[in-house]
Amino acid sequence: MDHNRYKVLLIEDESNIRNFVKTILHAKDYQVILADSCQQGILMYNSHLPDLVILDLGLPDRDGLEFIRHIRKTDVTPVLVLSARTTEEDKIKALDLGANDYVTKPFGTGELLARVRAALRSCQISRDAALPDGKFQLLDLTIDYNRRLVTVGGNEVNLTPTEYNILDYLSQNSGKVLTYSAIIKQIWGFDDAGSVKKLQVNMANLRKKLGAKPGAENYIVNELGVGYRMNDTSA
Ligand code: CA
């Protein structure tokens, strides 16, 4: 038993999946609040203020995307999307509206729990990022935001301003999947036809400079067809 007291709101209309997820979370001592429609989800969210929301997109009353739209007007509570929809477009839409991550149905116990932990951590990290020392640390990688200085194993890495800005943005959102268009808008301010290619070239150079090795677990994960995720500090 992990004795964690995180409160998780699960919005899912299919009772077998609801029970499956609830059982998994209870076994790890999460508190679970249930809702089976978008509207009930919003009510439960407002009355229980959960630490994390697990959200099915295909809900009987409204699209689960409506839930994300609703809470993101005011809140940064992490949202993990459960989706039977396999198209990248749906995942991208949910991420761009502010979901933190997604799990595609069918999923296993280990995968779900890992994503839940990562989403809860990423929320903790964004709070910690405001700490006065202004540094990000992940394995051998250190980013000193005040000095715009990046080191790996104590050695300074020479990045172009664009590469640094991408790394800065990913690290400030570590653990969260950022879509191509979210990164492009952040870095260049607009999205044009050549932007994804431009981002991929910069990303390839950045990863190479950070010492990425093919097939190895690296600082930045390529979420194929969707975007990129910076690993978080305790993965
Ligand atoms: Ca459903």
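Helices (H or I, at least four residues) and strands (E, at least two) are DSSP runs, numbered from the N terminus. The structure is a predicted model, in which local features need pLDDT of at least 70 and side-chain atom pairs count only at pLDDT 80 or more, while totals for chains, interfaces and linings use all residues. Residues are numbered from 1 along each chain as its sequence is written, and side-chain values use heavy atoms, with hydrogens and water left out.

Ser 83 is buried because its relative accessible area is 4%; buried means under 20%, exposed over 50%, and partly exposed in between, with a 1.4 Å probe and protein chains only. Contact here means heavy atoms within 4.5 Å. When residues up to four places away in sequence are not counted, Ser 83 touches Leu 57, Val 103, Thr 104 and Lys 105. Between Ser 83 and Val 103 the C-alpha to C-alpha distance is 6.4 Å, although 20 residues separate them in sequence.

The peptide bond from Lys 105 to Pro 106 is cis, with omega near -5°. Pro 106 itself is placed in the loop between β5 (101–104) and α5 (109–128).

The metal site comes next. Asp 13 (OD), Glu 14 (OE), Asp 56 (OD) and Gly 58 (O) coordinate the calcium ion at 2.2 to 3.2 Å. Donors are N, O and S atoms within 2.8 Å of the metal (3.2 Å for Na, K and Ca), and since water is not among the atoms, sites may look incomplete. Along the chain, the donors of the calcium ion have the spacing D-E-x41-D-x1-G. Glu 14 counts as partly exposed because its relative accessibility is 35%, whereas Asp 56, at 3%, counts as buried.

Two helices then form a packed pair. The axes of helix α2 (residues 38–48) and helix α3 (residues 64–72) come within 9 Å and cross at roughly 30°. Such axes are lines fitted to C-alpha atoms, for helices over the stretch in contact, and angles run from 0 to 180 degrees between N-to-C directions. The helices α2 and α3 are therefore roughly parallel to each other, a term for angles under 35 degrees. From α2, Cys 38, Gly 41, Ile 42, Tyr 45 and Asn 46 meet Glu 66, Phe 67, His 70 and Ile 71 of α3. The residues of this contact divide into five nonpolar, three polar and one charged, where Ala, Val, Leu, Ile, Met, Phe, Trp, Tyr, Cys and Pro count as nonpolar, Asp, Glu, Lys and Arg as charged, and the others, Gly among them, as polar.

In the loop between α2 and β3, Leu 49 has a positive phi of about 40° although it is not a glycine. Leu 49 counts as exposed because its relative accessibility is 58%. Leu 139, in the loop between β6 (135–138) and β7 (141–144), likewise has a positive phi, near 50°, and is exposed with a relative accessible area of 67%.

Methods:
Angles under 35 degrees count as roughly parallel, over 145 as roughly antiparallel, 65 to 115 as roughly perpendicular and the rest as oblique.
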